[in-house]
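Work through the exercises below with the sequence and the structure in view. Try each task before reading its solution.

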Amino acid sequence: MSLPPDQQKSEAPDQLILPHPRLQDRGFVLVPLCDVAPDWRHPLTGRTARNMRDALSAETRAQVRRIGVVNG
């Protein structure tokens with residue numbers, strides 16, 4: 001979680017890490033996550049999805065666009 005992105009590329013394990021170590025920086029994950037589970041808490045930081053989303057810059061949040069609605 002504390003490695004810079006370029007260092008993560010070379011030193012990250014070959015396995016999938018969940019939750020992603022940089023989840024708190026990913027608007028494309030946090031914005032839709034807040035649609036379905038805004039009170040979900042990160043297991044390591046304890047921060048909610050809503051809190052992490054709201055900490056993103058307005059520019060980052062604005063880059064996330066809905067592409068369609070699924071009708072059940």
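**Exercise 1. Decide whether arginine 53 is buried, partly exposed or exposed, and find its salt-bridge partner.**

Step 1. The model is predicted, and the relative accessible area computed for arginine 53 is 23%. Buried means under 20% and exposed means over 50%. Arginine 53 is therefore partly exposed.

Step 2. Its salt-bridge partner is aspartate 54, and the closest N and O atoms of the pair are 2.9 Å apart. The cut-off for such a pair is 4 Å.

Step 3. Aspartate 54 has a relative accessible area of 43%, so aspartate 54 is partly exposed.

**Exercise 2. How many salt bridges are counted, and what joins arginine 66 to aspartate 35?**

Step 1. The count comes to four salt bridges. Side chains of opposite charge can pair when their charged atoms come close.

Step 2. Arginine 66 and aspartate 35 are joined by a salt bridge between their side chains, with an N to O distance of 3.1 Å. Aspartate 35 belongs to helix 2 and arginine 66 to the segment after helix 4, so this pair ties together parts that are 31 residues apart in sequence.

Step 3. Arginine 66 has 69% relative accessibility and counts as exposed. Aspartate 35, with a relative accessible area of 47%, is partly exposed.

Step 4. Another of the salt bridges is formed by aspartate 25 and arginine 22, whose closest N and O atoms are 3.9 Å apart. Aspartate 25 is partly exposed at 37%, whereas arginine 22 is buried at 18%.

**Exercise 3. Which residues of helix 2 are buried, and why do they lie on the same side of the helix?**

Step 1. Helix 2 spans residues 27-36, and its buried residues are Gly27, Leu30 and Cys34.

Step 2. These residues cover an arc of only 70° around the axis, which puts them on the same side of helix 2.

Step 3. On the face turned away from this buried side, helix 2 carries the exposed residues Phe28 and Val36.

Step 4. The cover over the buried residues of helix 2 includes helix 3 and helix 4 (58-62).

**Exercise 4. Where does leucine 23 lie, and which residues does it touch beyond four places in sequence?**

Step 1. Leucine 23 is placed in the loop between helix 1 and helix 2.

Step 2. Its relative accessibility is 8%, so leucine 23 counts as buried.

Step 3. Leaving out residues up to four places away in sequence, leucine 23 touches Val29, Leu30, Trp40, His42 and Met52. One of these, Leu30, is also among the buried residues of helix 2.

Step 4. Leucine 23 and arginine 53 are 30 residues apart along the chain, and 9.9 Å separates their C-alpha atoms.

**Exercise 5. What does the side chain of threonine 48 reach, and is threonine 48 buried or exposed?**

Step 1. Threonine 48 sits in the loop between helix 2 and helix 3. With 14% relative accessibility, threonine 48 counts as buried.

Step 2. The side chain of threonine 48 reaches the backbone nitrogen of asparagine 51 at a distance of 3.0 Å.

Step 3. Threonine 48 also touches Pro38, Asp39, Trp40 and Arg41, when residues up to four places away in sequence are not counted.

Step 4. Asparagine 51 is part of helix 3 and is partly exposed, with a relative accessible area of 40%. The side chain of asparagine 51 makes a polar contact of 2.8 Å with the side chain of arginine 47.

Step 5. From asparagine 51 to aspartate 39 the C-alpha to C-alpha distance is 8.7 Å, and the two are twelve residues apart in sequence.

Methods
Residues are numbered from 1 along each chain as its sequence is written. This is a predicted model: local features need pLDDT of at least 70, side-chain atom pairs count only at pLDDT 80 or more; totals for chains, interfaces and linings use all residues. Side-chain values use heavy atoms; hydrogens and water are left out. Buried means under 20% relative accessible area, exposed over 50%, partly exposed in between (1.4 Å probe, protein chains only). Helices (H or I, at least four residues) and strands (E, at least two) are DSSP runs, numbered from the N terminus. The arc is that of the directions from the helix axis to the C-beta atoms. Contact means heavy atoms within 4.5 Å. A polar contact is a pair of N or O atoms within 3.5 Å; within protein, one must be able to donate a hydrogen and the other to accept it, and residues adjacent in sequence count only if both atoms are side-chain atoms.
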